Amino acid sequence: METKIFKLELENIDERIIEQAAALLKQGEVVAFPTETVYGLGANALDASAVAKIFAAKGRPNDNPLIVHVHNKALAEQTAKLNPLAIKLMQAFWPGPLTFVLPKQAAVPACVTAGLDTVAIRMPDHPVALKLIGLSGLPIAAPSANLSGKPSPTSGSHVYNDLRGKIAMVLDGGASGVGLESTVLDLSGETPAILRPGAVTAEDLRPYCGQVLEAQSQTDKAVPKAPGMKYKHYAPMGEVLLVEKALLLKAYRENAALGGKVAVLATADVAGLAELPLYYPMAAKDDPMEAAHNLFAALRWCDEVGAETIIVQAFPKKGIGKAIMNRLEKAAAKK
Ligand code: TXA
Ligand code: MG
């Protein structure tokens with residue numbers, strides 16, 4: 001299959017291109033599109049054979065459910081059974097990087113939810129995504145648009161490199177703003193629970209819902225975990241080592257002495273790193289938001305340069321730092 005890629009100017013979006021993409025979605029094809037978190041690989045969520053093409057293109061295990069993307073409340077209601085708390089949180093955080101897990105509507109086929117009786121839904125904060133969903137008039141099932149196991153894509157070229165020849169179209173809207181996948185909040189149990197940390201934090205949510213469980217405080221009984229979190233993710237080929245900022249240079253020297261290609265990913269305020277042969281500045285200064293924005297591009301760069309050992313700066317686990325460390329700890333998990 002030939003994969004078409006179109007660059008879009010966000011200030012002046014060419015609607016004819018989005019109309020072509022929407023037509024493909026209505027025909028049961030798969031289209032990649034930008035969101036504020038990462039790129040999504042979309043198909044009509046109500047069409048099981050279209051959804052099957054997503055799993056095939058990504059090589060995704062079929063027990064890992066998808067997020068359904070909507071552009072208004074009516075479409076959310078067609079997909080999930082909303083409750084008062086969900087509606088309050090949608091008003092506060094949508095469009096934005098917050099996904100809700102709620103009881104599903106019967107119209108959603110089992111392949112979208114991997115047989116669960118809940119469905120994940122989100123309204124992305126991106127003009128191209130919202131226009132695409134609006135023009136198609138459909139709820140759009142979309143996981144991140146990477147090959148399964150690779151870091152999520154935060155640019156059109158990341159998607160194209162992974163999925164060229166396997167999907168009909170890529171809408172290239174430039175770099176994703178947030179750079180990490182959405183927060184997944186389970187609202188199907190007694191107490192709201194964060195299944196995957198993201199840019200919207202427990203601190204952001206508490207004023208609206210009181211108690212919020214976070215991954216560390218969850219027992220297996222209390223909440224069903226996001227099935228996708230059990231798979232190896234975000235992993236470059238090399239071995240990832242998470243190292244405190246003050247010890248980065250020391251860790252580099254020790255590992256470089258053992259031989260092999262050693263890369264360092266860190267913020268640019270750490271002295272002595274810029275001169276190293278394989279160094280990727282994750283942010284100009286000590287700014288975890290900017291580091292989050294650049295993280296997946298940095299991990300993909302490690303594969304491009306053939307890094308065998310990858311030393312990555314550890315971030316304090318607060319604010320977006322929790323989401324960064326969640327992804328990095330997965331990347332660092334032994335193969
Ligand atoms: O930011 C994002 O969320 C991006 C963009 C494209 O919207 N999407 C994304 O999708 O990251 P994906 O498929 O890569 O991750 C979806 C996560 C997985 O961990 C999956 O297991 C979980 O959400 N999930 C989906 N449906 C669920 C459900 N019914 N119950 C629990 N977890 C669910
Ligand atoms: Mg993913």
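Okay, hi everyone. Before anything else, keep in mind that what's on the screen is a predicted model.

How many salt bridges does the count come to? It comes to 16. The general idea is that side chains of opposite charge can pair when their charged atoms come close.

The one I'd like you to find is between the side chains of Glu181 and Arg327, with 2.7 Å from N to O. This pair ties together distant parts of the chain, since its two residues are 146 apart. Glu181 sits in the loop between strand 8 (169-172) and strand 9 (183-186), and Arg327 belongs to helix 11, residues 321-332. Are these two buried or exposed? Both Glu181 and Arg327 are buried.

Now for a pair within one helix. Arg206 makes a salt bridge with Glu203, and their closest N and O atoms are 3.7 Å apart. Both are in helix 8, residues 202-209, and because they are three residues apart, about one helical turn separates them. If you're wondering why that spacing matters, an α-helix has 3.6 residues a turn, so residues three or four places apart point the same way. Arg206 is partly exposed, at 33% relative accessible area, and Glu203 is partly exposed too, at 42%.

Helix 9, residues 248-257, gives us another example: Lys250 and Glu254 are four residues apart there, so again about one helical turn lies between them. Their closest N and O atoms are 3.3 Å apart in the salt bridge. Lys250 counts as partly exposed at 48% relative accessibility, and Glu254 is partly exposed at 45%. Some salt bridges also share partners, and that joins Glu203, Arg206, Glu214 and Lys322 into one network. Hold on to those names for later.

In soluble globular proteins, nonpolar side chains tend to be buried together. Here the largest nonpolar core has 64 residues, and the ones touching the most other members are Phe100, Ile121, Leu171 and Leu205. Helix 1, residues 15-26, supplies the largest share of this core, with six residues.

Which residues does Leu205 contact, apart from its neighbours within four places in sequence? Among them are Leu89, Phe93, Leu98 and Leu185. There's also a second, separate core of 28 residues, including Tyr234, Cys302, Ile310 and Ile320.

Next, helix 2, residues 48-58. Its buried residues include Ala50, Val51, Ile54 and Phe55, and Lys58 is buried as well. What do the buried residues of helix 2 pack against? Their partners are strand 3 (40-44), helix 5 (110-113), strand 7 (140-141) and helix 7 (156-163). Just past the end of helix 2 comes Gly59, with a positive phi of about 70°.

Searching the whole structure turns up one cavity of 30 Å³ or more, and the volume of the largest cavity is about 60 Å³. Its lining has four nonpolar, three polar and three charged residues.

Technical notes
Residues numbered from 1 in each chain as written. Chains lettered and ligands numbered in written order. Predicted model: local features only at pLDDT ≥ 70, side-chain atom pairs only at ≥ 80, totals over all residues. Heavy atoms only, no water. Salt bridge = Lys/Arg side-chain N within 4 Å of Asp/Glu carboxyl O. Buried < 20%, exposed > 50% of the residue type's maximum accessible area, 1.4 Å probe, protein only. Core = buried A, V, L, I, M, F, W, Y, C linked by side-chain atoms within 4.5 Å. Contact = heavy atoms within 4.5 Å. 1 Å grid on protein atoms, 1.4 Å probe; cavity = no way out; pocket = protein on both sides within 12 Å on 5 of 7 lines; lining within 4 Å. Points joined across faces, edges and corners; volume = space filled by probe spheres on them. Nonpolar A, V, L, I, M, F, W, Y, C, P; charged D, E, K, R; others polar.
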